[in-house]
Protein chains: 2
Amino acid sequence: MREFLKTKGFKMTPQRELIFRSFFELTDHVSVDELYIKVRKKDSSIGYSTVWRNLKLICKVGLAEEVNVGDGITRYDHITKVPHGHLFCINCKKLIEFNVEQIIAILAQTASDKNFAPESFKIEIQGYCEECSKDNKSDSNGFSQKQQKLN
Amino acid sequence: MREFLKTKGFKMTPQRELIFRSFFELTDHVSVDELYIKVRKKDSSIGYSTVWRNLKLICKVGLAEEVNVGDGITRYDHITKVPHGHLFCINCKKLIEFNVEQIIAILAQTASDKNFAPESFKIEIQGYCEECSKDNKSDSNGFSQKQQKLN
DNA sequence: AGTCTAAATGAAAACGACTTTCATTTTCAA
DNA sequence: TTGAAAATGAAAGTCGTTTTCATTTAGACT
Ligand SMILES: [Mn+2]
Ligand SMILES: [Mn+2]
Ligand SMILES: [Zn+2]
Ligand SMILES: [Zn+2]
């Protein structure tokens, strides 16, 4: 990692080492706050902005990507060999990944048809995950209190 | 419109009338600010929050939907009979729509496979539109100054 | 090992789109 | 006409993100 960053003109520091390690040992889609909290447990002197800057850096060097599902919180997603889409649970905020190779093929054709030069694709399904659907079977309307915040 | 809103328990006002009219005579994806500016030209006393609240209302009664492409600005999209996806130009911020019926079918199957109860689908391609690709052919790196804000 | 410069850090402040509050006005059913 | 509920506009508040700035540190080069 140190070498990889060096080739891109960046330096290694203890804070950066810890932030990178912490990010890469997770598999899920983490927000700045979540990673900040995790990192603080190992070194409580690390600043929020350092975590933020390093997540940006991880993206800049091509090892992650920002994901925005419209809830106002930016999450950081590991790049996968095969492109994937997201199932986002509106209730528990869980993000589940799924393969989108077939869909990307269709989208690439669509873009081409419209002389649009694609840089990235976003495929997302919002709804309720298996557990959240189950948990609320008993409810009158099928959903929990938490989900009732509808207006 | 007045009648439609009345059945949903909302009142009509001159401001609301103007905001609704202004929104529906546009076909594109407008932000609060954009509609606010447009509406102000007809009635400069209308407040920003009134425009905001009425865009929310239009969504609530099912005539529009919020669209978030990750640039931090919420846009308001007219509901179409057939579901559509978006081509978002990173350069000029234009949103172009395209049919996604075939893709939705695939996604519905995917959700079903994972016991996920879908509420909505988001299909988006980010890249450069025809004009923005053309405009920069001559540039050394293929893109304009504006697009160079890369770090 | 010592020096130097660019990069990195942490705390705090700034930013900016969105949302809420509150006093006042307006709609519309009775 | 009247009164309750809804709507409005200005201002303030919220909150995640981003920048600023003084200080420290990494690492290249003597
Ligand atoms: Mn992902
Ligand atoms: Mn649209
Ligand atoms: Zn869930
Ligand atoms: Zn464009």
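Which protein donors sit around the zinc ion (ligand 4), and how far from it do they lie? Before you click, note that this is a predicted model in which local features need pLDDT of at least 70, side-chain atom pairs count only at pLDDT 80 or more, and totals for chains, interfaces and linings use all residues. Residues are numbered from 1 along each chain as its sequence is written, chains are lettered from A and ligands numbered from 1 in the order written, and side-chain values use heavy atoms, leaving out hydrogens and water.

**Stop one: the zinc.** Select ligand 4 and you'll find the SG atoms of B:Cys89, B:Cys92, B:Cys129 and B:Cys132 at 2.2 to 2.4 Å. Donors here are N, O and S atoms within 2.8 Å of the metal (3.2 Å for Na, K and Ca); water is not among the atoms, so sites may look incomplete. Angles among the four donor atoms run from 103 to 115°, making the site tetrahedral (four donors, all angles between 85 and 135 degrees). Along the sequence, the donor spacing reads C-x2-C-x36-C-x2-C.

B:Cys92 is in the loop between β4 (84-89) and β5 (95-99) of chain B, and B:Cys129 in the loop between β6 (117-128) and α6 (130-135), so the pair ties together parts 37 residues apart in sequence. Helices (H or I, at least four residues) and strands (E, at least two) are DSSP runs, numbered from the N terminus. B:Cys92 is partly exposed at 35% relative accessibility, while B:Cys129 is buried at 1%. Buried means under 20% relative accessible area, exposed over 50%, partly exposed in between (1.4 Å probe, protein chains only).

**Stop three: B:Lys93.** Stay in the β4–β5 loop of chain B for this residue, a non-glycine with a positive phi near 70°.

Methods: Four donors count as tetrahedral if all angles lie between 85 and 135 degrees; four count as square planar and six as octahedral if opposite donors are over 155 degrees apart and all others between 65 and 115; anything else is irregular.
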